[in-house]
Amino acid sequence: MTSTQTKPGAAHNDPTAGPRAGVAIKPPAPSYNRSRSRNKTSLYAHGEPMVWLTGGALAMCLLMIIGLVALIVAQGVATFWPGPVVRYQTLDGVRAGETTRLENYSPEDSVFERLPESSRAAARKMVADNGGVTGRRLVRIGNYEITGEHFAWVSDFEIAPGADAVSTPPWMLVVERLAWGRFYGEPVGVVIEGKLIPCEPAEAWKLFGEHHPAVRERWEQRRRLETGDIGVINHRAEQARLALRAVEMKYGKESPQWRAEHESFLKTEERDKAEFDRIAREIEALNNTNNGYKIVLRTADGTESTLGMADIVRAYPANQLSFAQKSVVYLSRWWEFLTDDPREANSEGGVYPAIFGTVVMTLIMSLLVVPFGVLAALYLREYAKGGILISAVRIAINNLAGVPSIVFGVFGLGFFCYIIGGGIDQLFFSAKLPSPTFGTGGLMWASFTLALLTLPVVIVATEETLAAVPGSMREGSYACGASKWQTIKRIVLPRAMPGIMTGMILAMARGAGEVAPLMLVGAVKLAPELPVNGVFPFFHPERSFMHLGFHIYDLGFQSPNAEAAKPMVFTTTLLLILIIAVLNLAAVFIRARLRRRFSSSQF
Amino acid sequence: MTRMTHKMPSKQDQPPTGHAVEGTASAEQPGASPVAIPEPVSNNRLAAIARGENVTSLTHDALKKEVPVVEVKNFNLWYGAKKALFDINMLIPKGKVTALIGPSGCGKSTLLRSVNRLNDLIDNIQIKGDMLLNDDSIYGPGVDVIELRKRMGMVFQKSNPFPMSIFENVVYSLRIDGERNRRTLEDVCERSLRGAALWEEVKDRLHESGLSLSGGQQQRLCIARAIAAEPEVLLMDEPCSALDPIATGKIEDLIQALSGEYSILIVTHNMQQASRSSDFTAFMYLGRVIEYGPTLDIFTKPLCRETEDYVTGRFG
Ligand SMILES: Nc1ncnc2c1ncn2[C@@H]1O[C@H](COP(=O)(O)OP(=O)(O)OP(=O)(O)O)[C@@H](O)[C@H]1O
Ligand SMILES: [Mg+2]
């Protein structure tokens, strides 16, 4: 083998060998050496380092992403799990509630000054023995109207000596209320139909269980009346008032037209008044009935407090629950979280309006940005003749993606809300001025703003996929006698559809997670009404709305009860991530189906 | 070039005889007369072309008897500053298969794509001269290119089925004309697929993607698409170059079957293919048509030495 290899090599080297032959040097076998050196491929040539480099980069990314998601999932999933209520006998009193967090710290000397004189020395010694560090726990003590605090720290050295200083009293109830946060206490009596019945905790709990659902049912009914029926009446009254105002602006006050309109306005008002009174009486009756049902609770330090059953969302004896019962509480909290309105400055209750707002806004945004971006990309790629101008436009679009999102918010507020919305108000809603209709932040303007924000993503993605449509397909279409637009519509766009979907997925992910611009153009802490409801015209794009991203910011940084809001930050974040994931998965699924249609068996 | 002439067997040194032949511009080129073509003239011809001089092409008399479907008249084409076609004069006969052969880069595709003005899509193109499709000008002012392309079909070197069902692929040209009648579409689809010898293979899967077919089937699908609108002329640019011998055979049979009904202009690199399936052959070199005549004559007794060298595989 080697000898046969050498021969052509030597022959190949004839020109060089020629002159050397005179010196009678045997020609070396260069090709033999060459093949040897080729066999020894270097590590670098094998690409081994690149495998490690690329793999390492991926691993780093994964690690960070998995870490973040794991943190959110762990915290978010655990939030609603009911924990025990622990009663701490401290040196200066009693604390009872749910333990939320444990940590170690080095207490300053002033901390010990607050302890009773007699136990200071012992506490100091205990901490000093432990190297100056002591553990402490954050206890959600609730009962805000009595204690004035939602949470309290209990340090190890504060706990009174004795085996029963830390206990879990079996009848401590966790009571979630509409207002004032949670309440912890043992039931010592109930009020039923106005009559106080003092009794044992077990008996009181049983009676509470019997009457609470009916009371809550009445409360729900009252809420429906208030938001639904009275809302309709208010809406009608407002319409009538606006109609009258419009006539007044057109013909002047006391004109014949105005008189006629005024007449009908008064009639409507009268009829509505009667109906309003009827509903008010109904509400009054429900309230009166509910007021007869109360529960008397005794807190850990012996104070008794009477709570109306209607104000209690959920109560459970935390220390007696079996795993199954805990699961029921857990699921019922999730259900409330997903389907109910928020309460307690958003730190309790649900986020349904925010879910709704996020999804609707994201969908409207996609509906706006995809056609718009695709059309722009089509012009850039298919119609425009290349040149400096087009290159400049392209660079500008790419740079648009780097503009801080808050700038888009400012632009949206100035242009969409004030200029366009203000103009719309002048033209169509002048009767309602000076209170704005479209002239302020709202669902529609927020969607427009985010559509603008995500436009570069769609344009760039679409342009790339248009460029990737093979020229042979276009030529085939032209050769069949198709015009440019027919070719685009029938060949280019269908073929580019998966790529356009990719652009849409990226835009949705970007838009759904955006918060800063929304603060300016319509996302609010608490929206009184959903943008979609049963009142004509059913869809109200001018309304302000709640958004999960903004909700997270609000919970994390604006909540008066920060400790209670913190776990909700995680749950809400988890939910937002899940929603974005679901929207994306839906788009990915559609894209996969499209791809399958266009994939070729040919290579 | 000189090397080439040296290698020529002596028997081919004799001037071609027996065939009446005439250069399209014999007045300017006395050497075009058959008996008068001595070997040096032949050499001068290629040398002249290489120098960029005007050289007229040899067109056999047999073509005079044919009815033209496409007539190329003094056609010149520039890609930017580079001239790709030089004074092409050709008649493409009706109902016959005409093959374009020549070494790579000689302008076959350019000429073919000029017939249906597909070159218009390229920027920086310049054209002088005209073509006629059944006596209608192709490059005249005010010609509707889209209407024009509807009268021709084209099959590309690489099969390019559209990302849609087989059915929709075939009836594409009817669709863009707004045809909605289901019966008409189905009839055309079946007829075209039968015409392209594909019907039996795909009749049960008409609504599957056209991209799910094999390479040879895809090419026949493209042929079906090209003949669906009953074009006046069918242009084929190396339709078999990406196919295996069996698929090539099928497509050659198909071309045979289609000739008579359709006028076909086909570019090919495969001499056997040209000789088997075409009626007329034009040999192109560096943007000129060197010789154009009945296939049998071009392959067995060409008038030009260059043609002979090329078809026997001595150069190119
Ligand atoms: N779009 C273009 N721009 C500039 N020059 C081009 C373009 N297309 C073709 N040419 C040039 O025109 C000449 C003819 O090209 P053409 O594609 O017609 O050759 P061909 O005979 O089809 O070759 P092949 O057998 O390899 O397909 C070539 O020299 C080529 O470089
Ligand atoms: Mg070609």
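Guide: The secondary structure of chain B comprises 13 helices and twelve strands, where helices (H or I, at least four residues) and strands (E, at least two) are DSSP runs numbered from the N terminus. This is a predicted model, in which local features need pLDDT of at least 70 and side-chain atom pairs count only at pLDDT 80 or more, while totals for chains, interfaces and linings use all residues. Residues are numbered from 1 along each chain as its sequence is written, chains are lettered from A and ligands numbered from 1 in the order in which they are written, and side-chain values use heavy atoms, with hydrogens and water left out.

Of the 316 residues in chain B, 56% count as buried, that is, under 20% relative accessible area, with exposed meaning over 50% and partly exposed in between (1.4 Å probe, protein chains only). Among the contacts in chain B with a separation of 6 or more, 69% join residues 24 or more positions apart, a contact being heavy atoms within 4.5 Å. The accessible surface of chain B is about 13300 Å², 50% of it belonging to carbon and sulfur atoms, as given by the Shrake-Rupley method with a 1.4 Å probe.

As for the cysteines, Cys240(B) counts as buried at 7% relative accessibility, and its sulfur is 12 Å from the closest cysteine sulfur, in Cys222(B), which is too far for a bond. A search of the whole structure finds zero disulfides over all chains, a disulfide being a pair of cysteine sulfur atoms within 2.5 Å. In chain A, Cys61(A) is partly exposed, with a relative accessible area of 40%.
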